[in-house]
Number of protein chains: 2
Amino acid sequence: MSREIYRLTEADLEPLAVGAALLGTGGGGNPYVGFLRAREIFRQGAAVPLLDPASLTEADWIGEVGGIGAPVVSIEKFEQGDEGTRALRAVEEVLGIRVVALISGEIGGANAMEPVITAARAGLAVVDGDGMGRAFPEVQMCTFFIYGARPSPAAIADEKGNVVVYRNVIDMYWLERLARHTTVDMGATAMLALPPMRGDFVRRTAVPGTVMQAIAIGRTIKQARAKRQNVVDRVLETTGGRLFFTGKITDIRRHLVGGFARGEAILSGTGDWVGSEGRIAIQNENLVLWVDGVPVIMVPDLIVNLEFDTGEPLTTEVLRYGQRLAVLGLPAHDLLKTPEALKVIGPAAFGYPELSFSPLGAAA
Amino acid sequence: MSREIYRLTEADLEPLAVGAALLGTGGGGNPYVGFLRAREIFRQGAAVPLLDPASLTEADWIGEVGGIGAPVVSIEKFEQGDEGTRALRAVEEVLGIRVVALISGEIGGANAMEPVITAARAGLAVVDGDGMGRAFPEVQMCTFFIYGARPSPAAIADEKGNVVVYRNVIDMYWLERLARHTTVDMGATAMLALPPMRGDFVRRTAVPGTVMQAIAIGRTIKQARAKRQNVVDRVLETTGGRLFFTGKITDIRRHLVGGFARGEAILSGTGDWVGSEGRIAIQNENLVLWVDGVPVIMVPDLIVNLEFDTGEPLTTEVLRYGQRLAVLGLPAHDLLKTPEALKVIGPAAFGYPELSFSPLGAAA
C-alpha cells in the first residue's frame with residue numbers, strides 16, 4: 001500500500017512555487033500568492049500525502065481544482081479561502097461521490113498550488129502529476145480532455161459565495177466559453193472544479209511526477225543561489241533542458257485579445273548568439289522561439305525565459321526592454337506530442353498553421 | 001379536492017397567447033412562436049390541469065420555468081424542445097424533490113406559454129397565476145423574489161444540450177447577471193428554471209388568476225373581431241382598464257442599452273386628446289405615460305398600446321411613425337404596489353427617481 005510516495009510539508013511549498021513558475025513557461029499565473037495562502041494552512045500543521053499516479057485504480061475518484069481567470073487580478077483580489085472546496089463539493093454532489101485525492105490540471109504557475117491548498121483544507125491527498133506538465137492558456141488544453149475526460153459536471157465558485165455548476169456541457173470548448181464569461185462576471189478570478197475522474201484514467205493520462213519535478217527545480221534554484229552557483233547551468237542539469245538562445249530584449253509588444261495577453265519579444269543575441277536575432281511569440285505562455293527566422297522551439301515543448309544574471313523565471317508580463325535572457329528549451333512529455341494532442345496544443349492550434357511540430361532537439 | 005379549476009386544452013392556447021401579448025405591456029416577447037410549439041404538443045392529446053393558487057399547501061413544490069434572452073432572437077432560433085424540462089430536472093436534482101406544478105414568472109408575453117409547454121411535456125399541472133401580472137425586463141422583478149424566494153438553485157438549458165446550474169447565488173441580482181451572460185453565450189435565448197417554491201409561499205405571493213385572465217382577454221379580442229365590435233371598448237370592459245390617450249406616433253426613438261431596448265415614443269393626440277402630446281418611455285416594456293408633461297400612468301401599473309383600428313396589442317419593437325394608438329391603463333395587482341415591491345419595480349427602479357408612484361386613477 002505504498003501509494004503515498006511523499007508527504008508535502010511547509011518546507012516544500014516555496015520550492016514547489018518556484019519550480020511551478022519555471023514550468024509555467026512565461027504564463028500560468030504567479031504561484032506566489034498561492035504559496036502564501038498554502039503556508040498559512042500548513043503552518044497550522046497540515047501535511048498532504050502525495051500519491052503515485054501509477055498506484056491509482058478504478059475505485060479512486062480524483063478531483064481537479066484550479067484557478068480560472070486573469071492572473072494579474074488574482075494578485076489583488078484575494079480568495080475567501082474555501083472556493084476550491086465549495087466548487088469540489090458541488091461536482092461531487094452531482095455525481096454522488098467523494099474524491100480521495102486532487103490533481104492539478106496545470107503544474108505550471110498558480111495552479112500548482114490550488115490542489116495542495118484545497119487538499120490541505122479538505123483532508124485529501126494530491127496526485128504527483130498534472131494534465132499539462134507546463135502551462136497552457138485554456139482549460140481544454142490538457143491531457144485529461146485530449147484523452148477523453150468528460151467535460152461535465154464542472155463547477156465554479158467565487159469569494160462572494162456564488163457557485164455555478166456546469167451540469168451538462170456538450171464539449172470542453174463550451175465549458176471554456178461559459179466558465180470564462182462567468183469568471184469575468186465574478187470579478188475576473190474564481191476557482192474551478194473540473195469533472196472528477198476515475199483513478200485508472202488518471203493513471204493512463206496524467207503527466208506523471210510533475211509535483212516532485214517542480215519541487216526539485218525549485219530546490220535547485222534556491223540552492224544554486226545560496227551557493228552563488230550559475231543558476232541557468234544548474235537548472236539545465238536538473239531539467240534535462242538545453243540553452244537555445246541568450247540575448248537582450250530590444251522590442252516587446254503585448255496586447256490583450258479576447259482576454260489573453262498576446263504579443264512577441266525581439267531579442268538581440270549575446271554570448272554564443274552575438275549577431276543573431278531571437279523572436280518569441282506569446283499567448284499568456286511562450287509559444288515559439290525563432291532564431292534568425294528559423295523556428296527552434298515550439299509548443300507543446302517548453303520555452304523558459306530565465307533572467308540571465310539571477311536565473312529568475314520570467315513571466316511574459318514582466319518582460320521589458322533591455323532585459324537579458326537565457327532562453328531554455330525543455331522537452332514536453334510524450335503524452336503531449338501524439339497526433340491527438342498536437343491537434344489541441346500544437347503550433348497550428350495557436351495560430352501557426354505553417355509550423356509543423358518538430359520536437360525539441362530533432363534538428364539539433 | 002377541487003384544486004383543479006380548469007383544464008387547458010388546445011382551444012385555450014391562442015386566446016392565452018393573445019391575452020399574454022396584451023399583458024406584456026409592450027414587452028415580454030412575442031408569445032406566437034410559443035403558441036405554435038404548444039399547439040403541436042396539445043394536438044397530440046395533452047391537457048394540462050390548471051390549479052387554483054389558493055389550494056396550494058406547504059407539501060406542494062411548484063417549479064418556475066421561462067425563456068431568458070432576447071425575444072427578437074427567439075423568433076428565428078427555435079428550441080430543441082425539452083430545454084425547460086432539462087433545466088427543471090437540474091434544479092429538482094439539487095433539492096432532491098419533484099414539483100407537482102409549474103408557474104409562470106411573467107404572464108405578459110412569451111413566458112405565459114413556457115410553463116404550459118413544459119407541463120404538457122412533463123405531465124405536470126400549471127398554477128393559475130404568475131409573479132408579475134404583466135411583463136418586466138429582469139428576472140428579479142417578480143413578486144416571488146420581492147417577497148423572499150431564494151435565488152438558487154436555478155438552472156439554464158440551451159438547445160445544444162448544455163445545462164448550467166446556479167447552485168448557490170448570493171442574491172437575485174447575481175442570478176440575473178450570471179444567467180444573462182450565459183444566455184448570451186448560448187446564442188441569446190435559453191430556458192431558465194428558477195428555484196422551486198413551496199405551495200404555501202406561492203399561495204401568498206403569486207398574482208392570482210392571471211392565466212384565466214389572459215385567456216379571457218384573448219377570447220374577448222377574438223370575439224370582438226369576429227363580431228366586428230370595437231375591440232378597444234371590449235378590452236376595457238374585460239380588463240377594468242381605462243383609456244388614457246389616443247394619438248398618432250410622430251416620433252419614435254429606440255436604442256439598445258445593456259441588452260435592453262430603451263427609448264420613447266411621442267404621440268400627437270387624436271379624438272378627445274386633440275392638441276395634447278403623449279409621451280411613452282420604454283425599456284422593453286412601456287414604463288411611463290405622460291400627457292402634456294404630466295405623468296398619468298407609471299410602472300408597475302400596466303400601459304397597453306392597442307392599434308386604434310384593429311385593437312391589436314403592439315409590442316414596443318413594432319411601434320413606428322404614423323401608427324394610431326389607443327393607450328390603456330390597467331391597474332397592477334396590490335402585491336406589486338407595496339413599499340417593498342415599489343423599491344424593485346417602481347418608477348425610481350427604472351431610472352425615474354423624480355416620479356413618486358401614484359396608482360392609476362388616483363388623480364382621476
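**View 1. The loop of chain A that holds Thr25(A), in a predicted model**. In this predicted model, Thr25(A) is found in the loop that runs between helix 1 (10–23) and helix 2 (32–42) of chain A. The phi angle of Thr25(A) is near 45°, which is a positive value in a residue other than glycine. Because 33 other C-beta atoms lie within 10 Å, Thr25(A) is buried.

**View 2. The loop of chain A that holds Asp292(A)**. Asp292(A) has its place in the loop between strand 13 (285–291) and strand 14 of chain A. Asp292(A) is not a glycine, and yet its phi is positive, at about 50°. Asp292(A) counts as exposed, because it has 12 C-beta neighbours inside 10 Å.

**View 3. Strand 6 of chain A and the strands that pair with it**. In a regular strand the side chains alternate between the two faces of the sheet. Strand 6 of chain A runs antiparallel to strand 7 (residues 163–168) of chain A and is joined to it by four bridges, and Tyr166(A) in strand 7 is the bridge partner of Ala154(A). Five residues lie between the two strands of this hairpin, in which Gly161(A) takes a positive phi near 120°. Strand 6 of chain A is also joined by three bridges to strand 8 (residues 189–198) of chain A, again in the antiparallel sense, and there Ile156(A) stands opposite Leu192(A).

**View 4. The contact between chain A and chain B**. Chain B is superposed on chain A by a rotation of 180° with 0.1 Å of shift along its axis, at an RMSD of 0.0 Å. That is the relation of a two-fold axis. The same surface serves both copies, in that 100% of the contact residues of chain B recur in chain A. Val165(B) is the residue of chain B that comes closest to the rotation axis, with its C-alpha at 2.3 Å. In all, 19 residues of chain B are in contact with 19 residues of chain A. On the side of chain B that touches chain A, the elements that give two or more residues are strand 7 (163–168) and helix 7 (172–185) of chain B, and by class this side has 10 nonpolar, five polar and four charged residues. Strand 7 of chain A pairs with strand 7 of chain B in the antiparallel sense over five bridges, and among these pairings Val163(A) has Asn168(B) as its bridge partner.

**View 5. The surroundings of Leu289(B)**. Leu289(B) lies in strand 13 (residues 285–291) of chain B and counts as buried, because it has 24 C-beta neighbours inside 10 Å. When residues up to four places away in sequence are not counted, Leu289(B) touches Phe244(B), Phe245(B), Gly278(B), Ile280(B), Val296(B), Ile297(B), Ile303(B) and Val327(B). Arg279(B) is 10 residues apart from Leu289(B) in sequence, and the two are 5.7 Å apart in space, C-alpha to C-alpha.

Definitions and conventions:
Residues numbered from 1 in each chain as written. Chains lettered and ligands numbered in written order. Predicted model: local features only at pLDDT ≥ 70, side-chain atom pairs only at ≥ 80, totals over all residues. Pairing = 2+ DSSP bridges. Least-squares fit on C-alpha atoms with pLDDT ≥ 70 in both. Contact = placed C-beta atoms within 7 Å. Nonpolar A, V, L, I, M, F, W, Y, C, P; charged D, E, K, R; others polar. Buried ≥ 20, exposed ≤ 12 C-beta atoms within 10 Å, placed from the backbone.
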